[in-house]
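Me: I've got this one open on my screen. Can you walk me through it?

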Amino acid sequence: MEHEIYVSREVKNLGHPNAAALIKKAAERALDAEGVDVPCIISVMLTDEEGIRRVNAAFRGIDRATDVLSFPFNELAPGEFDAACCEHDPETGGVLLGDMMISLPRCEEQGEAFGHGFGREIRYLTVHSVLHLLGYDHVDEGPMKKQMREREKIIMGD
């Protein structure tokens, strides 16, 4: 499936020149694993701690940095993707899934802290965010979080 994954950098010189390729591959893998069989469009903004803190404060009312933010364009049920219920790009017809923002410094820090490195961490954060765009959530420690974690493990190959 030919998905359009647009990756841009809010702050220049953040490093990790292979970040965009890792993100695109992880997003495509997550979409395939979820059975998304129509072209989708996702926009990804790579930023620093201040950039993601500012957006987290503005949109979620939480004035602190985080690792990833997801902004779904559609209200979907986890594991039940339905393109007919989604917004579509008027020019291409692709499904507009949503936007995500990833803090590269936080990604690097967590990859080191968890002992698996930057590459795995950015792939994990991308899979996590794509699942949010597809309706998964983890608002508490209950069944929704368990369902999301199980999908992450399967997609990541853990």
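Me: Start with Pro143. Where does Pro143 lie?
Reply: Pro143 lies in helix 5. Keep in mind that this is a predicted model.

Me: Is Pro143 buried or exposed?
Reply: Exposed. Its relative accessibility is 70%, and the cut-off for exposed is over 50%.

Me: How far apart are Pro143 and Arg29 in space?
Reply: The distance is 24 Å, C-alpha to C-alpha. In sequence, Pro143 and Arg29 are 114 residues apart.

Me: What about Lys146, where is that?
Reply: Lys146 is in helix 5, which covers residues 143-156. Lys146 counts as exposed, at 54% relative accessibility.

Me: And how far is Lys146 from Arg106?
Reply: Their C-alpha atoms are 24 Å apart. Along the sequence, 40 residues separate Lys146 and Arg106.

Me: Let's zoom out. How many helices and strands are there in the protein?
Reply: Five helices and four strands.

Me: In what order do the elements run?
Reply: From the N terminus, the order is β-α-β-α-β-β-α-α-α.

Me: What radius of gyration does the protein have, and what would a compact globule have?
Reply: The protein has 15 Å. A compact globule with 158 residues would have a radius of gyration near 15 Å, so the value agrees.

Me: What box do the C-alpha atoms fill?
Reply: Roughly 40 × 40 × 30 Å, taken along the principal axes.

Me: What share of the residues is buried?
Reply: Buried residues make up 44% of the 158.

Me: And what share of the contacts comes from residues 24 or more positions apart?
Reply: Such pairs account for 69%. That share is of contacts with a separation of 6 or more.

Me: On to helix packing. At what angle do helix 1 and helix 5 cross?
Reply: Roughly 115°. Helix 1 is residues 19-33, and its axis comes within 10 Å of the helix 5 axis. The crossing is right-handed.

Me: Which residues meet there, between helix 1 and helix 5?
Reply: From helix 1, Arg29, Ala30 and Ala33. From helix 5, Arg151, Ile155 and Met156. By class, that contact has four nonpolar residues, no polar ones and two charged.

Me: How do helix 1 and helix 4 cross, and at what angle?
Reply: Their axes cross at roughly 45° and come within 8 Å. Helix 1 passes helix 4 in a right-handed crossing.

Me: Which residues in helix 1 meet helix 4?
Reply: Ala19, Leu22, Ile23, Ala26, Ala27, Ala30 and Leu31. On the helix 4 side are Phe118, Gly119, Ile122, Arg123, Thr126, Val127 and Val130. The residues in this contact divide into eleven nonpolar, two polar and one charged.

Me: Now helix 3 and helix 4. At what angle do they pack?
Reply: About 120°, with the axes 8 Å apart. Helix 3 is residues 104-113 and helix 4 is residues 117-133. The two helices are therefore oblique to each other. Their crossing is right-handed.

Me: Which residues of helix 3 and helix 4 meet?
Reply: Helix 3 brings Leu104, Cys107, Glu108, Gln110 and Gly111. Helix 4 brings Gly117, Phe118, Glu121, Ile122 and Leu125. The contact of helix 3 with helix 4 has five nonpolar, three polar and two charged residues.

Me: Off the helices now. Where is Gly135?
Reply: Gly135 sits in the loop between helix 4 and helix 5. Gly135 counts as partly exposed, at 21% relative accessibility.

Me: What does Gly135 touch?
Reply: Leu76 and Pro78, not counting residues up to four places away in sequence. The C-alpha atoms of Gly135 and Glu91 are separated by 25 Å.

Me: Last one, Ser43. Which strand is Ser43 in?
Reply: Strand 2, residues 40-47. Ser43 is partly exposed, with a relative accessible area of 31%.

Me: And which residues is Ser43 in contact with?
Reply: Tyr6, Gly98, Asp99 and Met100, leaving aside neighbours within four places in sequence. Ser43 and Phe81 are 19 Å apart, C-alpha to C-alpha.

Notes:
Residues numbered from 1 in each chain as written. Predicted model: local features only at pLDDT ≥ 70, side-chain atom pairs only at ≥ 80, totals over all residues. Heavy atoms only, no water. Axes fitted to C-alpha atoms, helices over the stretch in contact; angles between N-to-C directions. Parallel < 35°, antiparallel > 145°, perpendicular 65-115°, else oblique. Left-handed = near helix turned anticlockwise from the far one by under 90°. Contact = heavy atoms within 4.5 Å. Nonpolar A, V, L, I, M, F, W, Y, C, P; charged D, E, K, R; others polar. Rg over C-alpha atoms; globule rule 2.2 N^0.38 Å. Buried < 20%, exposed > 50% of the residue type's maximum accessible area, 1.4 Å probe, protein only.
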